[in-house]
Amino acid sequence: MLALLADEERYGFDIVRTLGAIDGMVTGEGTLYPLLSRLKKAGHVSTTWRESDAGPPRKYYGITPDGRRALADFIVEWRRFTAAVDSILSRGAQG
Amino acid sequence: MMTTSTHPLAAGYLRRLERAARVLPRPQRDELLAEIREHLDAGITPDATEADVRNLLDDLGPPEAIVAAARPEGATALPERGPREVFALIMLVTGLPMILVGWCIGLALLLWSPLWTVRQKLLGALVFPGGYVVTLGASLLMPVGSGPGDTSEVCTTADGIINCVDVSSGSDGLYLWPILVVVVLVVAPLAMAVHLYHAAGRRAANA
């Protein structure tokens with residue numbers, strides 16, 4: 001979710017639909033809203049209201065410096081984790 | 001324009017969410033409802049068919065699941081065990097400060113608190129209605145009503161339920177039966193209170 005916000009601010013509907021469209025990511029898109037609000041509480045994202053071209057103003061989410069740091073940490077961890085799993089899996093395939 | 005508030009399916013979904021979200025603290029509930037309402041507003045275009053709306057709602061998932069995802073937020077999801085729980089137990093056990101009134105306030109506090117399960121609330125309500133004020137007051141009448149060698153029935157009323165106890169006091173073990181009853185009447189509510197006190201603490205800590 002933070003990675004999704006790394007380049008641009010998005011509004012809730014957009015974030016949720018994008019993640020929901022990725023196969024195997026989420027079961028209920030609605031559960032992503034509590035996650036967003038948790039990220040906000042943790043200071044990883046911030047919100048601003050923007051006028052939309054159609055309808056009422058929308059709440060846009062953007063990543064904070066704290067969020068960027070958390071994302072960078074996560075990417076490092078994730079790479080390490082997938083590399084470890086890959087090496088075990090390939091060893092298993094050989095053996 | 002067909003918006004959230006006018007589309008019956010979306011309105012029904014929001015009502016369900018609202019009902020499920022009652023367990024959340026106020027600010028969190030309002031925020032969640034606003035987000036989902038916005039989602040529906042953005043997702044339901046004026047030319048959306050019923051199938052479109054149903055798909056959008058299916059993708060969101062059941063409202064109960066959304067609320068469940070919002071819940072495990074540490075201590076904010078459930079309040080700490082506080083004076084409400086302590087007062088509830090004291091009033092339920094003693095029935096003070098006033099006969100029946102104290103117990104009824106205790107009962108209301110018991111039912112109001114989110115820290116107890118339905119079973120625990122039932123236990124608190126049933127052991128024993130009226131509190132000490134009623135049960136002890138009634139049981140103290142027992143030995144008076146049955147002299148040695150008598151066979152009599154002592155009835156106590158608690159909340160409209162009439163409990164009749166056959167008091168047959170023979171030559172020996174004169175007051176054994178009433179004493180036993182008194183002990184149970186004194187100990188059981190205390191045990192109930194201790195149990196519920198710890199249950200509330202555990203519930204708040206695990207939230």
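At what angle do helix α1 (residues 8-20) of chain B and α2(B) pack? They pack at about 165°, and their axes lie 11 Å apart. Axes here are lines fitted to C-alpha atoms, for helices over the stretch in contact, and angles run from 0 to 180 degrees between N-to-C directions. α1(B) and α2(B) are therefore roughly antiparallel to each other. The cut-offs are these: under 35 degrees is roughly parallel, over 145 roughly antiparallel, 65 to 115 roughly perpendicular, and the rest oblique.

This is a predicted model, in which local features need pLDDT of at least 70, side-chain atom pairs count only at pLDDT 80 or more, and totals for chains, interfaces and linings use all residues. Residues are numbered from 1 along each chain as its sequence is written, while chains are lettered from A and ligands numbered from 1 in the order in which they are written.

Stay with the helix pair in chain B. The crossing of α1(B) and α2(B) is right-handed. A crossing is right-handed if the near helix is turned clockwise from the far one by less than a right angle, and left-handed if anticlockwise. From α1(B) come Ala10(B), Leu14(B), Leu17(B) and Glu18(B). They meet Leu33(B), Ile36(B), Arg37(B) and Leu40(B) in α2(B). By class, this contact has six nonpolar, no polar and two charged residues. Ala, Val, Leu, Ile, Met, Phe, Trp, Tyr, Cys and Pro count as nonpolar, Asp, Glu, Lys and Arg as charged, and the others, Gly among them, as polar.

Now take chain B as a whole. Chain B has nine helices and two strands. Helices (H or I, at least four residues) and strands (E, at least two) are DSSP runs, numbered from the N terminus. Along the sequence, the pattern is α-α-α-α-α-α-α-α-β-β-α. Of the 207 residues in chain B, 28% are buried. A residue is buried if 20 or more other C-beta atoms, placed from the backbone, lie within 10 Å of its own.

Chain A comes next. Chain A has four helices and three strands. From the N terminus, they run α-β-α-α-β-β-α. Chain A has 95 residues, and 21% of them count as buried.

The three strands of chain A form an open sheet in the order β1-β3-β2, with antiparallel pairing. Two strands pair if DSSP finds at least two bridges between them. β1 (10-11) and β2 (45-50) of chain A stand at the edges, each with a single partner strand, so one side of each has no neighbour in the sheet. β2(A) and β3(A) pair over six bridges. Look for Thr48(A), which stands opposite Tyr60(A) in β3(A).

How do the chains meet? 15 residues of chain A are in contact with 17 residues of chain B. Contact means that two C-beta atoms, placed from the backbone, lie within 7 Å. On the chain A side, α2 (12-21), α3 (32-41) and β3 (58-63) each give two or more residues. The largest share, four residues, comes from α2(A). This side divides into four nonpolar, eight polar and three charged residues.

One helix pair spans the two chains. The axes of α3(A) and helix α2 (residues 26-43) of chain B come within 10 Å and cross at roughly 125°. That makes α3(A) oblique to α2(B). This crossing is right-handed. Tyr33(A), Pro34(A) and Ser37(A) meet Glu31(B), Leu32(B), Glu35(B) and Ile36(B). The contact has four nonpolar, one polar and two charged residues.

How values were computed
A residue is buried if 20 or more other C-beta atoms lie within 10 Å of its own, exposed if 12 or fewer, and partly exposed in between; C-beta atoms are placed from the backbone.
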